[in-house]
Amino acid sequence: MLKIYDYKGFPNPTRARIALAEKGLLDEVEFVSIDVPNGEHRLPTFREKNPSATVPVLELEDGTCISECTAITEYVDHLVGEPVLTGRSAKERAVIHMMQRRAEAGLLDAAATFFHHATPGLGPTIEDYQNREWGEKNRERAIAGMRYLDQTLAAQPFLAGDRFTMVDITAFAGLAYAGFGKIEVPAGLDRLTTWRERVASRASVMRAA
Ligand SMILES: N[C@@H](CCC(=O)N[C@@H](CS)C(=O)NCC(=O)O)C(=O)O
C-alpha cells in the first residue's frame, strides 16, 4: 500500500490529499502522521525519507520516497485516468508546469516565508532562524502573486486554462497559507475570490482539506 507521511491540515499536505482525492485514491493510501509542530520531521529517521525535512512524503511499496507536491501529483496522476491534473499534450504540460511554478513561488512559498519569518510561525523550536524584513518582503510578493492569479482568471475559468489542474491545487493551498499568516486577499480581486469558492466546493477539496 502507498504511504503518505504528513500532518493533516497543513497547506502542503493538503495539496497531496486533494490530488489523491481528485484521482479517487484517498482511501488507497495509508496516512502516517508526522508531528511537525514538535519537530518530528527533523529527526534523522525522517530525513532519510526526505533530506529537506518537509511533509508530505509519498512512500511507494518498493520503499522509494517521493517528496515535493508536484512530484507526488505527477505520480498519482499517472496511476489512474481522470481528471488529468498535470496535462496531456506537450503544450498542456508545459503551461501547467509554468503556471504551477508561478503559483508556488509567487503565492504559496511567499506566504510560507511570511508565516515562518514575520509571525511566530510554528514556535521557537521550529523557527530557529527568522528574518522579519525578509518575511515582510514576502507578504508583498504573496499579494503580487494574488493579483497576478486574479488577472489570469480574466481569460479562463482555471489557472492553467479550461480545466482544473494541479495549478489550482497549489494556488488554493497558497491562499490557505496566506490565511495562516493573516495575509488578506486584497479587496477587488473578485475573480480570485469566486475561483476560490468554486475550488473549495469541489468534492475532492471538501474531503481532503
Ligand atoms: N515544496 C515542498 C514544501 C513542503 C513544506 O514546506 N511543507 C511544510 C508543511 S506545509 C513543512 O513540512 N514544514 C516544515 C518546516 O517548516 O520545518 C512541497 O511541495 O512538498
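**Close-up views of the ligand and the pockets**

View 1. The ligand is surrounded by 14 residues, the closest being His41, Arg42, Val55, Glu68 and Cys69. A residue counts as near if one of its heavy atoms lies within 4 Å of the molecule. This is a predicted model: local features need pLDDT of at least 70, side-chain atom pairs count only at pLDDT 80 or more, and totals for chains, interfaces and linings use all residues. Residues are numbered from 1 along each chain as its sequence is written, and side-chain values use heavy atoms, with hydrogens and water left out. Seven residues of the shell are nonpolar, four are polar and three are charged. Here Ala, Val, Leu, Ile, Met, Phe, Trp, Tyr, Cys and Pro count as nonpolar, Asp, Glu, Lys and Arg as charged, and the others, Gly among them, as polar. Helix H1 (residues 11-22) gives the largest share of the shell, four residues. Helices are DSSP runs (H or I, at least four residues), numbered from the N terminus.

View 2. A polar contact is a pair of N or O atoms within 3.5 Å. At valine 55, a backbone N or O atom is 2.8 Å from a nitrogen atom of the ligand. At arginine 42, a polar side-chain atom lies 2.9 Å from a ligand oxygen atom. At arginine 15, an N or O atom of the side chain is 3.4 Å from an oxygen atom of the ligand. The ligand alone exposes 510 Å², and the protein buries 86% of that (Shrake-Rupley method, 1.4 Å probe).

**View 3. The largest pocket holds the ligand.** A pocket is an open set of points on a 1 Å grid over the protein atoms alone, where a 1.4 Å probe fits, with protein on both sides within 12 Å along at least five of seven lines; lining residues have an atom within 4 Å of a point. A molecule sits in a pocket if more than half of its atoms lie within 2 Å of its grid points. The largest pocket has about 660 Å³ of space. Its lining has 28 residues, with Asn12, Thr54, Val55, His116 and Tyr177 nearest the centre. Helix H4 (90-118) supplies the largest share of this lining, seven residues. The lining divides into 14 nonpolar, seven polar and seven charged residues.

**View 4. The second largest pocket.** This pocket has about 200 Å³ of space. Its lining includes Val84, Lys91, Glu92, Asp162 and Arg163. Four lining residues are nonpolar, three polar and four charged.

Conventions
A polar contact is a pair of N or O atoms within 3.5 Å; within protein, one must be able to donate a hydrogen and the other to accept it, and residues adjacent in sequence count only if both atoms are side-chain atoms. Helices (H or I, at least four residues) and strands (E, at least two) are DSSP runs, numbered from the N terminus. Grid points are joined across faces, edges and corners, and a volume is the space filled by probe spheres set on the points.
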